[in-house]
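Q: Could you walk me through this structure, one feature after another? I would like to learn how to read each of them.

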Amino acid sequence: MPVINVEDLTDKDKAVMEVNQLKIEVKLERWLTSKCCEEIKEYIQAGVEEDILVKGIAEDKNPFKEKGVRWLSENVSSKPVTSSASETTGDHLIYTAEHFALKESLRKIIDQEINPYVDQWEAERTFPAHKIFKILGSAGFLGVNKPVEYGGLGLDFSYSVAVAEELGNIRCGGVPMAIGVQSDMATPALARFGSAELKKEFLLPSIMGDKVACLGVSEVGAGSDVSSIKTKAVRQGDEYVINGGKMWTTNGTQADWMCLLANTSDGPPHRNKSLFCLPMNLPGVQIARKIDKLGMWSSDTAEVFFDDVRIPCNNIIGQEGMGFTYQMLQFQEERLWAVANVLTVMDNIIQETIQYTRQRKIFKQPVLYHQTVHFRLAELQTEVELLRSLLHRATALYIKGNDVTKLASMAKLKGGRLVRELSDSCLQFWGGMGFTSDVLVTRVYRDTRLMSIGGGADEVMLGIISKYMDTLPRK
């Protein structure tokens, strides 16, 4: 592979390399020319740790350092941020040094721009999505596996998994969920099947953090059963007229646009639906209410009604009638993302419980030293590691082009059940403190109950798994 010379880069190339820091200490490189991007991306995907990507840029000779720009190789820590103390770059199943560099950069944003304000956002039942998404988008975290020409980093899905894991260090569930909706739920179908015009209008600003997106799929009578939605989009000339409503809409009160699933014909339920990009400021779009929830308090969740909302026919994503299929395709990524995120949450809860029970005494010895406590924590950590192995196996197969619907469904099912079991057990060891709102385990207990419901309930996952096992009753 040829080495890229600094002299070959134009002033425009160098200017595009600079990412607006927005109070972020670490700037991720946004590779801009197609030639530079493709060649550097090969280094990243190959997992090269110390290679010099630009001739003359080594150690302290980086000519961009004065401007605050760092190469990914400079971001690699000698002590990678990992889920396990014994895990290193060399022995990880799917992560390279660049995965860990990405995680480390994101962790700095979390520590500086998010975690200091989580308690305030929880109390206010919302967080400033436009501000936080702009920070994350400027650093490249809202389009890790999206096309470079629309502001993404152009990396494979394993990098999205790494980002999801790191987002688990946010000390609430609502903010990571809102970020996941933006990066891996509302935009994948648009990135894969949308027209160039739609991508420019909706995908690019969403990846850059200039627009907040929401996903309009679930309805009052249609949650996990997506085929039962009632919202209609009827074509009239050069427009679609939309009537109906959506429920459980994450980011709904702040969103600039919605990725909307609606019926476009009276045909079979799996072939009569289409996806649309719908601006939320159109006449007829009504935010009916902000839903009060058991958990995920920082995330705003809305019920939305549509009354004769008109959008251009060009706002359809891909082909008419293919919306259900497009939605199903992205469920593999959505469910793996959710599992990756909750793994870090469980790791953190176990560690904080160990620290608390080690210093908290009962019957003249630390709570941790009672066999029932440290044995139970050992069991839970074992379960977490097994789930992590399943996630990484499914991710490795997926990025090679395999269908991992069964494995993703298994991981989602196990993740939802395990985090309920784990948070309940750990909360018990906190005693009375676990029944207050002052500790993380209480928030996790509330927030993570959603995982067995949202994105496909446990019972739906069991049905999918049974289908792949060919054990469903014959019709």
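Q: Which residues does Ser 299 touch, not counting residues up to four places away in sequence?
A: Contact means heavy atoms within 4.5 Å. By that rule Ser 299 touches Arg 125, Gly 174, Met 177, Ala 178, Thr 250 and Lys 293, leaving out residues up to four places away in sequence. Before we go on, note that this is a predicted model, in which local features need pLDDT of at least 70, side-chain atom pairs count only at pLDDT 80 or more, and totals for chains, interfaces and linings use all residues. Residues are numbered from 1 along each chain as its sequence is written, and side-chain values use heavy atoms, with hydrogens and water left out.

Q: Where does Ser 299 lie, and is Ser 299 buried or exposed?
A: Helices (H or I, at least four residues) and strands (E, at least two) are DSSP runs, numbered from the N terminus. Ser 299 sits in the loop between strand 8 (285-290) and strand 9 (301-312). For cover, buried means under 20% relative accessible area, exposed over 50%, and partly exposed in between (1.4 Å probe, protein chains only). With a relative accessible area of 1%, Ser 299 is buried. Asn 251 is 48 residues from Ser 299 in sequence, yet their C-alpha atoms are 6.8 Å apart in space.

Q: How many helices and strands does the protein chain have, and what percentage of its residues count as buried?
A: The protein chain has 16 helices and twelve strands. Of its 475 residues, 55% count as buried. Looking at contacts between residues at least 6 apart in sequence, 74% join residues at least 24 apart.

Q: Which helix is mostly covered?
A: Helix 7 (residues 157-167) is mostly covered, with eleven of its eleven residues buried. Among them are Phe 157, Tyr 159, Glu 165 and Glu 166.

Q: What should I look for in a nonpolar core, and which residues touch the most other members of the largest one?
A: In soluble globular proteins, nonpolar side chains tend to be buried together. A nonpolar core is a set of buried Ala, Val, Leu, Ile, Met, Phe, Trp, Tyr and Cys residues joined through side-chain atoms within 4.5 Å. The largest one here has 93 residues, and Ile 170, Leu 278, Phe 306 and Met 346 touch the most other members. Helix 12 (residues 331-359) gives the most to this core, with twelve residues. A second, separate core of 26 residues includes Met 185, Leu 190, Trp 257 and Phe 331.

Q: How do I read a pair of packed helices, and what angle do helix 12 and helix 14 make?
A: Two packed helices are described by the angle between their axes and the distance between the axes. Axes are lines fitted to C-alpha atoms, for helices over the stretch in contact, and angles run from 0 to 180 degrees between N-to-C directions. The axes of helix 12 and helix 14 come within 9 Å and cross at roughly 20°. Angles under 35 degrees count as roughly parallel, over 145 as roughly antiparallel, 65 to 115 as roughly perpendicular and the rest as oblique. Helix 12 and helix 14 are therefore roughly parallel to each other. Residues that meet across this pair include Met 346 and Tyr 356 in helix 12, and Leu 422 and Phe 429 in helix 14.

Q: Are helix 8 and helix 12 roughly parallel or roughly antiparallel?
A: The axes of helix 8 (residues 174-184) and helix 12 come within 11 Å and cross at roughly 150°, so these two helices are roughly antiparallel. The contact is made by Pro 176, Gly 180, Ser 183 and Asp 184 of helix 8 and Glu 333, Glu 334, Trp 337 and Asn 341 of helix 12.

Q: What is the phi of Phe 363, and is Phe 363 buried or exposed?
A: Phi of Phe 363 is near 55°, a positive value in a residue other than glycine. Phe 363 lies in the loop between strand 11 (361-362) and strand 12 (365-366) and is exposed, with a relative accessible area of 71%.
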